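Keep the sequence and the structure side by side while reading.

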Amino acid sequence: MKNTTVVQSMINAIDKPAIFITPDYVIHAVNEAYLETYDTEVTLGQSRCHQISHHSNEPCDKHGEQCPLQQCQNTARAANAVHIHNTTDGKSYCDILMKPIKDDNGKIMGFLEILDAIDYASTESKKDTMIGQSAPFKQMLNKINRASQSNIAVLLQGETGAGKELVAKAVHAASDRNDKPFVVIECTGLSESLFESELFGYEKGAFTGATTTKKGLIEIAHGGTVFFDEIGDIPMNMQVKLLRLLETQCYRAVGGLKQKRSDFRLVSASHKNLLDLVEKGEFRRDLYYRIAGFPIYLPSLRERQEDIPVLANHFIRLSEYKHKKFSNNALTLLSQYPFPGNIRELKNIIEQSALIANEDIIHRSDLPESITYSKTTTVNQAQAVDTAVISLDDVEAEYLSKVCQQYQGSPAELAIMLNVSVRTLYRKLQRYGLKLPVAN
């Protein structure tokens, strides 16, 4: 194609993985960073982008992902999307930026694709990493990646237990401040005196008990990121001092005269609707617009049902019961539960189930009653009864569990009713960690 040399020079000047493709998805130019990222060899003029990144002969939109190339073609403007790619490090998230490239006559001759690796999220179990692959999860990743490219103030909004601190850490880790401190300030329950001494520090003799000079969290965070968790809980009288700090990044230690300055990036979080608090006069309007430069919504777990199985296996892997696994039927039941406590509740349920299970396989009968008898899961089970495939082991385990709870006769009588030998009955009960009640 024409202008190949010019295009290749443009690609080589980009420090991130990049390619130039035509509307038929064929790669015509590639830089070294791209070649090092993927485990499939690129043949210029033949290889298609989806063959390299997805190991597929079909474009990504055929597999449920948003195609930025199609968006570019439809709008003649730049587009972006978060995808899961097959790289030399396995399946990895990346943020794709696609730009149309025009010739001297203004006609689109192809598209520039630039890839930005997302290291703080994964589709598989990794410690200190956000896990998921659902559409709401990907939308959140896109917002995080955009926010991390600037110093704009970020406000994280979502239900309690949705993982706000992990997202705040991701914003910090993906920014150019990632080699500086990440400091968490818990706003709930802070009194005015504690607020000032914790944030600004204090000088020796500033108050009774101040036997030494102590640095405040704001000073410790210099150059890095400050995360104000549950910022909506800060009383009105302290909001003025916080606003002054955020606007000037200047402060004085308690008992000190010298004004100090700290360069920090602001990330805040609240499970409350702060605009509602503003309308009620419980949160300063000027403070709200100072902290809400870039709002990011954290989806609840019930909005991410697709992610529950991989999260369940992730948490069991990081627990002391890592040798155990969930049955498919147990994972199905978990996915139908609404999880009002979100990620925190899921982690608790995982540990409870693992503790209850007598085998290496955690069956649905091992799940807490809050899951088994949830109104939502019961309705979902009724709707799915005609289509859900349940393993025979799970059916047998659940049935025998109910029998053990209700049957009052002898083991020999029960064996006759089940049309099995007593020995077989005991073997099955042992297999599922069940016991018959002692007959009176």
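Which element supplies the largest share of the lining of the largest cavity? Helix H3 does, with 4 residues. Before going further, note that this is a predicted model, in which local features need pLDDT of at least 70 and side-chain atom pairs count only at pLDDT 80 or more, while totals for chains, interfaces and linings use all residues. Residues are numbered from 1 along each chain as its sequence is written, and side-chain values use heavy atoms, with hydrogens and water left out.

Rolling a probe the size of a water molecule over the atoms shows where empty space is left. Here the search runs on a 1 Å grid over the protein atoms alone: a cavity is a set of points where a 1.4 Å probe fits but cannot get out, a pocket is an open set with protein on both sides within 12 Å along at least five of seven lines, and lining residues have an atom within 4 Å of a point. Grid points are joined across faces, edges and corners, and a volume is the space filled by probe spheres set on the points.

By this rule there are 2 cavities of 30 Å³ or more. The largest cavity has a volume of about 100 Å³. Its lining is made of 16 residues, and Cys49, Cys60, His83, Ile96 and Glu113 lie nearest its centre. At least two lining residues come from each of helix H3 (49-54), helix H4 (68-75), strand E3 (79-87) and strand E4. Helices (H or I, at least four residues) and strands (E, at least two) are DSSP runs, numbered from the N terminus. By class, this lining has 10 nonpolar, 5 polar and 1 charged residues. In these classes Ala, Val, Leu, Ile, Met, Phe, Trp, Tyr, Cys and Pro count as nonpolar, Asp, Glu, Lys and Arg as charged, and the others, Gly among them, as polar.

The second largest cavity holds about 50 Å³ of space. Among the residues that line the second largest cavity are Asn358, His363, Ser365 and Tyr432. Its lining divides into 4 nonpolar, 3 polar and 2 charged residues.

Strand E4 (residues 90-102) also contains Cys94. Is Cys94 buried or exposed? Cys94 is buried, with a relative accessible area of 5%; buried means under 20% relative accessible area, exposed over 50%, and partly exposed in between (1.4 Å probe, protein chains only). Apart from neighbours within four places in sequence, Cys94 is in contact (heavy atoms within 4.5 Å) with Ala81, Val82, His83, His85, Leu115, Asp116, Ala117 and Ile118.

Now turn to the open spaces. The largest pocket has a volume of about 920 Å³. It is lined by 34 residues, with Gly163, Leu166, Phe315, Ile343 and Lys347 closest to its centre. Helix H6 gives the most to this lining, with 7 residues. The lining of the largest pocket has 15 nonpolar, 6 polar and 13 charged residues.

The second largest pocket contains about 510 Å³ of space. Of the 21 residues in its lining, Ser365, Thr372, Tyr373, Ser401 and Gln405 lie nearest the centre. Ser365 is also one of the residues lining the second largest cavity. Helix H17 gives the most to the lining of the second largest pocket, with 5 residues. That lining has 7 nonpolar, 9 polar and 5 charged residues.

Aromatic side chains come next. A search of the whole structure finds 8 aromatic pairs. Rings of Phe, Tyr and Trp (its six-membered ring) pair if their centres lie within 6.5 Å; planes under 30 degrees apart count as stacked, over 60 as edge-to-face and the rest as tilted. Tyr34 and Tyr38 form a tilted pair, 4.6 Å centre to centre with 40 degrees between the planes, and both residues are buried. The rings of Tyr202 and Phe207 have centres 4.9 Å apart and planes at 65 degrees, so this pair is edge-to-face. Tyr202 is buried, with a relative accessible area of 15%, whereas Phe207 is partly exposed at 36%. Phe195, Phe200 and Tyr251 form one aromatic cluster.

Ala76, in the loop between H4 and E3, has a positive phi near 60 degrees and is partly exposed at 35% relative accessibility. Phe339 has a positive phi near 50 degrees and lies in the loop between helix H13 (328-336) and helix H14 (342-356). Phe339 is buried, with a relative accessible area of 0%.
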